[in-house]
Amino acid sequence: MNLAFSERLFKCTCTREFTQESAFTKHQRSCTKGKKRLITALSKAKDLLGSVKRP
Ligand SMILES: [Zn+2]
C-alpha cells in the first residue's frame, strides 16, 4: 500500500526525474542546468545593482 510513495516524482529542470528526494537534491547540486539558472539570476541582480550605481 505504498503507491503514494512510488508515485512521488521529483523533476529537475534538465528533465531528469527522481523517485527519491535525497537523490534529487544530490543531483541538483551537480546539475549544470540548475546551476546555470542560479548564475543567471545572480548576474541579473548584479546588472540591476550596477545600473543603479551608474551616474
Ligand atoms: Zn538536473
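**Entry 1: burial.** I started with burial. Of the 55 residues of the protein, 0% count as buried. I note that this is a predicted model.

**Entry 2: confidence.** I looked up pLDDT next. The mean for the protein is 76. A value of 70 or more is reached by 64% of the residues. Where is confidence lowest, and where highest? Helix 1, residues 3-6, is lowest, with a mean of 53. Strand 2 is highest, at 92.

**Entry 3: layout.** I then went through the secondary structure. I find 3 helices and 2 strands in the protein. Along the sequence they follow the pattern α-β-β-α-α.

**Entry 4: Thr15.** I turned to the loop between strand 1 (10-11) and strand 2 (17-18), where Thr15 sits. Its phi is near 70 degrees. That is a positive value, and Thr15 is not a glycine. For context, most residues other than glycine have a negative phi. Is Thr15 buried or exposed? I have Thr15 down as exposed, because it has 7 C-beta neighbours inside 10 Å, and the cut-off for exposed is 12 or fewer.

**Entry 5: Ser22.** I moved on to helix 2 (residues 21-30), which holds Ser22. Why does Ser22 count as exposed? Ser22 has 9 C-beta neighbours inside 10 Å, so it counts as exposed. I also checked Ser22 against Phe10. The two are 12 residues apart in sequence. In space, C-alpha to C-alpha, Ser22 and Phe10 are 9.9 Å apart.

Technical notes. Residues are numbered from 1 along each chain as its sequence is written. This is a predicted model: local features need pLDDT of at least 70, side-chain atom pairs count only at pLDDT 80 or more; totals for chains, interfaces and linings use all residues. Helices (H or I, at least four residues) and strands (E, at least two) are DSSP runs, numbered from the N terminus. A residue is buried if 20 or more other C-beta atoms lie within 10 Å of its own, exposed if 12 or fewer, and partly exposed in between; C-beta atoms are placed from the backbone. pLDDT is the predictor's confidence in each residue, from 0 to 100.
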